[in-house]
Amino acid sequence: MNDKRRTLLVVEDDPALQKQMRWAFDSFETVVADDRESALAQLRRYEPAVVTMDLGLPPSPDDVGEGFRLLGEMLMLAPETKVIVLTGQHDRENAVRAVAMGAYDFFGKPFEPELLALTIDRAFRLHDLQAENHRLQAQQSSPLSGVITRDPGMLKVCRTVERVASANVTVALLGASGTGKEILARALHALSSRSKERFLAINCAAIPENLLESELFGYEKGAFTGAGKLTPGKIETAHKGTFFLDEIGDLPMALQAKLLRFLQERVVERIGGREEIPVDVRVICATHRDLKAQIQAGLFREDLYYRLAEIVIDIPPLRERDGDAVLLAHAFVQRFAKENGRGAMHLGEDALAAIELHPWPGNVRELENCLKRAVIMAESNRITAEDLGLDVAENDLLELNLRHVRDEAERRAVIRALARTNGNIARAADLLGISRPSLYDLMNRFGFKKES
C-alpha cells in the first residue's frame, strides 16, 4: 500500500451524510462537493481516482437530471476515474442507466459503510491496474510491445530475449499453445542485427508432409508433376534474415535429417537439384511439445534437438503469471472497444474475479478471443462474467480482504510453529520472530489453548 493516502471525492449535498462518509472513509483522503459545479472543480483540482456521488443534487435534489449531467461531464473530463453512484434502494432503473453511461458501480442508500468501503477499495485497485497497464505499454520497447506483463517469470523471459537477440545462435521457444511464442520470435528478430532483413515463418504442423519439404527447401523446374518453374524454399528466401520454425516438434523424421544437415552445413539443396546453395539465416524454433519426451519416444532426433536448442527459453503458461490475466484483459478491452466503436468499456468486478480464477488452458490466445467476443456481445459498456461466459467467483471479495488474508496467514504460521516446536512457546516465538507475549496474544485471538 502506498504511504500517500488515495483521494476519494464524495459528491453529497446532505451535511450530515457528508460528515458520516468522512468518518467512515478516513483511510482515504476524502474531499467533498455538494453540487455539480463544486464537484467539477474538485475533480479538476484533485484528480481523484474514485468518486462517489448521489444523483439527487441541487437545485432539484428530488430530480436525477443534475446528477446525470454531472456524471456525463465527469466521465468526459476524466474517463479513467471510477464513479460509484449512490441511489435509492428501489431505484434500479437509474442505477442501470448510470452504469450504461460509464459509472463503475452503484450502491443503494442507506448503505453499509464497510461494504461501500470494500467497493471503493476495489475501484482504486482497478484504477491502479489500468494505470500500471498504461505505464507498462509506454515503457516497453516496440519489439516487445506485444508482451504485457508484470510477472517475474515472464519479465525474466523478456530480459533473456533482449540479451540473446544480438547473438547469432539458434533459439528454441518452449511453451504451451497461446503463450506468445511467435511474438517473442519476432522480437528476437527485431532486436537483432538482421532486423532490416526478412522474417519468414512456417508452421510445421499446418502443412501436409508431402508438401512441407518443398516449402522448406524449394524445388527445381520439372522436379515433380506440377513443378513448372524453379521455386526457392522458405529457408533460402530468408537469406540474411530470420527463419522461424513453429511447432518444430511436429516435423516428420525424414525432414528432421535434412534440416539437421542444413544446420550443420548451412547449405540447402532444392528438390530435383544437385547444387548446394549457401544460406546465411538465423533459425528460431518453437513448440508446445516436450522435445525430450519426444526423443525418448523415438519421435525426435536428439542430435537435431541440440542443434536447435543452443538457447532454450521456457515461456510460463498464463495461469502461472500472477496478475497478468487481469492486466491483459484490460488491454484487450481497450483495444477491441476502440476497434469495434464501442466507446469506453470496462470490466465489472464479477468479470475481474472470474478472470483471476479461470485457469486459461488456451493461455493468452484464449483470453484474447474471450474478451473480443465479450466486447462485441456486451449489452452495456460494463462487461460481466456472464458476458465472458465464465463462472462468478462468489468468494473473491473475502479472498481479497487484506485483514482476512493477513489473519489467515498468521493463523497458519502459528499452527506450523507450534507443531514444529511441539508446543514450546519460547522456541515457537523465536521461529516466528516475535516475543512470547505477542505469541500468547495471537493464540488467544485464534482460540488456541495454551499447553499446561
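Predicted model: local features only at pLDDT ≥ 70, side-chain atom pairs only at ≥ 80, totals over all residues.

Modeller: Five strands make an open sheet, in the order 7-10-13-6-14, with parallel pairing. Strands here are DSSP runs of E, at least two residues, and helices are runs of H or I, at least four, numbered from the N terminus. Two strands pair if DSSP finds at least two bridges between them.

Biologist: Which strands stand at the edges?

Modeller: Strand 7 (199–203) and strand 14 (311–314). Each has a single partner strand, so one side of each is left without a neighbour in the sheet.

Biologist: What holds strands together in general?

Modeller: Strands of a sheet pair through backbone hydrogen bonds, parallel or antiparallel.

Biologist: And how many bridges link strand 10 and strand 13?

Modeller: Four, in the parallel sense. Thr242 stands opposite Arg282 in strand 13.

Biologist: Where is confidence lowest in the chain?

Modeller: In helix 17 (residues 396–400), at a mean pLDDT of 50; pLDDT is the predictor's confidence in each residue, from 0 to 100. The chain mean is 88.

Biologist: New topic: is Val333 buried or exposed?

Modeller: Val333 is buried, at 2% relative accessible area. Buried means under 20%, exposed over 50%, partly exposed in between (1.4 Å probe, protein chains only). Val333 sits in helix 13 (residues 324–339).

Technical notes: Residues numbered from 1 in each chain as written. Heavy atoms only, no water.
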